Amino acid sequence: MKNGLLLYYDLKEVFGFLTDEEAGRMIKAVFDYEVDGVVTEFDDRMMASTYKRITDHLDRNKEKYDMICKQRRQAAFIRWEKEKDMMM
C-alpha cells in the first residue's frame, strides 16, 4: 500500500486559479478521494473541472504504481523460484 500521493508542478497553475478557501476545499477533497475513495461533488463548474483534472491525474498515477508493483512481484516470484530450484 502506498502512503502518499504525487502532485506535479503543473497543477500549481490550476490551484493558482482558486481562492485560498477553494484551494483548501480542493486539497481536502483530493485527500478524501485518494485515501478513502470518496468522490466529492462540486456545484461550481470551475471547482468540478479542477477536481476532475486532478483526480484523473491521480488515477493515472495509481495505474502506473499498480503496474510497477505487479511487475516487481512477478520478478520477485521468478527470482524466488530460481533460488528455490538451486537449493534443491
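This is a predicted model: local features need pLDDT of at least 70, side-chain atom pairs count only at pLDDT 80 or more; totals for chains, interfaces and linings use all residues.

Biologist: What is the mean pLDDT of the protein chain?

Modeller: The mean is 90, and 98% of the residues reach 70 or more; pLDDT is the predictor's confidence in each residue, on a scale from 0 to 100.

Biologist: Let's take helix 2, then. Which of its residues are buried?

Modeller: Glu22, Ala23, Met26, Ala29, Val30 and Tyr33 are buried in helix 2, where buried means under 20% relative accessible area, exposed means over 50%, and partly exposed is in between (1.4 Å probe, protein chains only). Seen down the axis of helix 2, these buried residues fall within an arc of 125°, so they line one face of the helix; the arc is that of the directions from the helix axis to the C-beta atoms.

Biologist: Why would residues a few places apart point the same way?

Modeller: An α-helix has 3.6 residues a turn, so residues three or four places apart point the same way.

Biologist: What is exposed on the other side, and what covers the buried residues?

Modeller: Asp20, Glu21, Lys28, Val35 and Asp36 are exposed on the other side of helix 2, whereas the cover over its buried residues includes helix 1 (11-16) and helix 3. Glycine 24, which also lies in helix 2, counts as partly exposed at 27% relative accessibility.

Biologist: What comes after helix 2?

Modeller: Helix 2 is followed by glycine 37, which has a positive phi, near 75°.

Biologist: On to helix 3: how does its span compare with what it should be?

Modeller: At 1.5 Å a residue, the 43 residues of helix 3 should span 63 Å, and its end C-alpha atoms are 62 Å apart, which agrees; the expected span is 1.5 Å times one less than the number of residues.

Biologist: What caps its N-terminal end?

Modeller: Aspartate 44 is the cap, with a side-chain oxygen 3.0 Å from the backbone nitrogen of methionine 46. The backbone oxygen of methionine 46 is reached by the side chain of threonine 50 at 2.8 Å. Such a polar contact is a pair of N or O atoms within 3.5 Å; within protein, one must be able to donate a hydrogen and the other to accept it, and residues adjacent in sequence count only if both atoms are side-chain atoms.

Biologist: Is threonine 50 buried or exposed, and what does it touch?

Modeller: Threonine 50 is buried, with a relative accessible area of 8%. Not counting residues up to four places away in sequence, threonine 50 touches Val14, Leu18 and Met26, where contact means heavy atoms within 4.5 Å.

Biologist: And where is histidine 57?

Modeller: Histidine 57 lies in helix 3 and is buried, with a relative accessible area of 8%. With residues up to four places away in sequence left out, histidine 57 touches Leu6, Leu7, Tyr8 and Leu11.

Biologist: Changing topic, which residues of the largest nonpolar core touch the most other members?

Modeller: Of its 14 residues, those are Phe15, Leu18, Met26, Phe42, Tyr51 and Ile54. Helix 1, helix 2 and helix 3 each give two or more residues to this core, and helix 2 gives the most, with 5 residues. A nonpolar core is a set of buried Ala, Val, Leu, Ile, Met, Phe, Trp, Tyr and Cys residues joined through side-chain atoms within 4.5 Å.

Biologist: Last one: is phenylalanine 17 buried or exposed?

Modeller: Phenylalanine 17, in the loop between helix 1 and helix 2, is exposed, with a relative accessible area of 58%. Leaving aside neighbours within four places in sequence, phenylalanine 17 is in contact with Glu22 and Met46.

Definitions and conventions. Residues are numbered from 1 along each chain as its sequence is written. Side-chain values use heavy atoms; hydrogens and water are left out. Helices (H or I, at least four residues) and strands (E, at least two) are DSSP runs, numbered from the N terminus.
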